[in-house]
Amino acid sequence: MQLLVISVYCCFPVSAEEVEGNNGRLLDTTEKAINKLLLQIERQRYGYDTKWQKSNKDSLLAIGSSMYLGKKVSPVTFEYVKNILTGIPKIKNEYETTMSFQSRLLEVLSHVPKSYVLQVPLDKSHIKYNADDQLLIIDTYAVDNTNTRYEGVFGYGTPFYEKIDYINNSNMDVVVSSKKSFTGSYWASNAFGIKAKVNRSKRNTSAVFDGVGALFDNNGELAKLIVSRTQAPSLKASLKAALVVVPKYPYFLRGKVLWDDPTIYSLVDIDEDLNVIIADIQFVLITDSMNNVLAVYVTN
């Protein structure tokens, strides 16, 4: 198989002073200390800060290829990672010193893997075969074609309000699953007295959140695999995808999102429970049915 890597980004350390500010507002002394501590822990555990900058593309291409390309991986589920990250301390107790919080956090992190190969869905409708060139082309939409909203996790009223930047529909994230169930209905009316029946639904969504921006480049291709015409149908049907993620503070959060009120044009009332792993999404892996890596894409 042949790999086409679309984009590669690398990282350089940033100083603690660069992250002390919070949208121009100085953090209090305790928050400064905690932010410095978290930055130091990231450097110690991963060898770099999880605030990445665009840099040498060839560096991460070489790293990703040597680590994964042509090798067999063992992807884990979202629930598996969630259960591990749930127990990591996120907020310093009011009566706890910064040093005690540091010790408690380091003790927990010492038992937590640094990175995970996380299984994610692969939408086959965004994989096309070019019979003339014998290329199986995998679009970015095959992995990332669903959005969710994060105000219930990072927004006003949450412990991480103004500490984590997010923009609805413009984040480096991947929705791993979103399951909706019908919970009932009710009658509603508008200001003109027009009545309509509204369906109420509950949605459970799991996502991996990295930060604000585009996870992939604009050309929309994850990989191009050279495949014969006879092999293409079976390979396309069996392809799978996984993310290589490095969890970062605050690791895992839950929240609730109340979607827009029903209108005459959308007679749906949705309550969403959102589970979010916060992590660097480093690579997308395309594998065969036996989890052998056929292509590696380095994200933004």
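**Figure 1. Strand 3 pairs with strand 9.** In this predicted model, strand 3 and strand 9 run antiparallel and share 5 bridges. Strand 3 covers residues 116-120. Strand 9 covers residues 240-258. Strands of a sheet are held in pairs by backbone hydrogen bonds, in either a parallel or an antiparallel sense.

Figure 2. Valine 245 belongs to strand 9. Valine 245 is the bridge partner of tyrosine 116. In sequence the two residues are 129 residues apart, yet their C-alpha atoms lie 5.5 Å apart in space. Is valine 245 buried or exposed? Its relative accessibility is 1%, so valine 245 counts as buried.

**Figure 3. Threonine 205 in strand 7.** Strand 7 spans residues 195-212 and contains threonine 205. Threonine 205 has a relative accessibility of 1% and therefore counts as buried. Which side chain makes a polar contact with the side chain of threonine 205? The partner is serine 178, at 3.0 Å. Setting aside residues up to four places away in sequence, threonine 205 also touches Thr148, Val175 and Ser177. Glu272, Asp273, Leu274 and Asn275 are among its other contacts.

**Figure 4. Glutamine 282 in strand 10.** Strand 10 runs over residues 268-287 and includes glutamine 282. The relative accessibility of glutamine 282 is 11%. The cut-off for buried is under 20%, so glutamine 282 counts as buried. Glycine 64 is 218 residues away from glutamine 282 in sequence. In space, 8.9 Å separates the two C-alpha atoms.

**Figure 5. The buried face of helix 4.** Helix 4 is formed by residues 78-85. Its buried residues include Phe78 and Val81. Lys82 and Leu85 are buried too. Viewed down the helix axis, the buried residues fall within an arc of 100°, so they line one face of helix 4.

**Figure 6. Confidence along the chain.** The average pLDDT of the protein is 79. A score of at least 70 is reached by 69% of the residues. Residues 1-29 have a pLDDT below 50. In the model, this stretch makes 84 contacts beyond near neighbours in sequence. Residues 49-54 also have a pLDDT below 50. For residues 49-54, the model has 24 contacts beyond near neighbours in sequence.

Conventions
Residues are numbered from 1 along each chain as its sequence is written. This is a predicted model: local features need pLDDT of at least 70, side-chain atom pairs count only at pLDDT 80 or more; totals for chains, interfaces and linings use all residues. Side-chain values use heavy atoms; hydrogens and water are left out. pLDDT is the predictor's confidence in each residue, from 0 to 100. Contact means heavy atoms within 4.5 Å. Helices (H or I, at least four residues) and strands (E, at least two) are DSSP runs, numbered from the N terminus. Buried means under 20% relative accessible area, exposed over 50%, partly exposed in between (1.4 Å probe, protein chains only). A polar contact is a pair of N or O atoms within 3.5 Å; within protein, one must be able to donate a hydrogen and the other to accept it, and residues adjacent in sequence count only if both atoms are side-chain atoms. Two strands pair if DSSP finds at least two bridges between them. The arc is that of the directions from the helix axis to the C-beta atoms.
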